[in-house]
Amino acid sequence: MSTEDYQTLEDLRAAELFTRLDEGQRRKIATLARRVTLPAERTIFLRGDAANAFYLLAAGRVKVFKLFPDGRSATIRHVGAGQTFAEAALFHDAYSSSAETMTPSRIYRFDTHAFHDLLLAEPELAVSLLETMAELLALLNRRVEELLLPVPARLARYLLALSDEQTPASSIVKLPTSKRELAARLGTVPETLSRTFYRLKRGGVLRMSGDHETIEIADREKLRRLAQD
């Protein structure tokens, strides 16, 4: 086995979509995987493009987003290592959103036609894919619900989730994106986000580093109450 083949299998073992599969099934999937290495801020696909593939992010960070006619963008999700994206390409003719790398990324591309044939041969993979799609649908439902909340509540929920993800036992979190990208993720504009950070800092809820990249949750209980608004 070549070094590249070994790396592909290692990346597939770490993928959430393929955890239920045995080694033989993963090897079949590996034959369909086409590795792509991309720099930061590189477009992967645009909304309306022919949906002829879905993707696994093995390393790096990707954002899935929508562009509006007035030039605004709304980030639907941030994709982390081990997660797949654009799975709906298996069932639709065109992509309903766009995707772009946020950092240098190692990505695997899966042709939808070839993967359809594999799903017919591997029912367990089909079940795993359905579970992933259901989780994504739940995520999108939560995103829609969050957009109905005031911006401070959206930010509070984001920071609490980020804290649980990064350092559950610590009150320190590091923003993984720029403020502009975070504003898009929260469905607002950078100016409103900056004012919200300032109010939380003035209210003793947060303490921030000079570059605003590192945040200390000074009063987690207040932040939790704010997240319920």
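1. A quick word on pairing before the strands come up: two strands pair if DSSP finds at least two bridges between them. Helices (H or I, at least four residues) and strands (E, at least two) are DSSP runs, numbered from the N terminus. Bear in mind that this is a predicted model, where local features need pLDDT of at least 70, side-chain atom pairs count only at pLDDT 80 or more, and totals for chains, interfaces and linings use all residues. Residues are numbered from 1 along each chain as its sequence is written, and side-chain values use heavy atoms, with hydrogens and water left out.

2. I'd start with β7 (residues 98-101).

3. What does β7 pair with? Strand β4 (residues 62-67) runs antiparallel to β7 and is joined to it by four bridges; Val64 has Ala99 of β7 as its bridge partner. Strand β2 (residues 43-45) is also antiparallel to β7, with two bridges, and here Phe45 stands opposite Ala99.

4. Next, the open sheet: three strands in the order β9-β11-β10, paired antiparallel. β9 (172-174) and β10 (206-208) are the edge strands, each pairing on one side only. On average, neighbouring strands are turned by 25° against each other, direction ignored. Three bridges link β9 with the antiparallel β11 (residues 214-217), and Val173 has Ile215 in β11 as its bridge partner.

5. On to the helices. α5 (residues 151-166) and α7 (residues 190-202) pack at about 75°, axes 10 Å apart (axes are lines fitted to C-alpha atoms, for helices over the stretch in contact; angles run from 0 to 180 degrees between N-to-C directions). They are therefore roughly perpendicular (65 to 115 degrees). In contact terms (heavy atoms within 4.5 Å), Val151, Pro152, Leu155 and Leu159 of α5 meet Thr192, Leu193, Thr196, Phe197, Arg199 and Leu200 of α7.

6. Finally, α1 (residues 3-13) and α2 (residues 23-30) pack at about 120°, again with axes 10 Å apart. Which residues make the contact?

Notes:
Angles under 35 degrees count as roughly parallel, over 145 as roughly antiparallel, 65 to 115 as roughly perpendicular and the rest as oblique.
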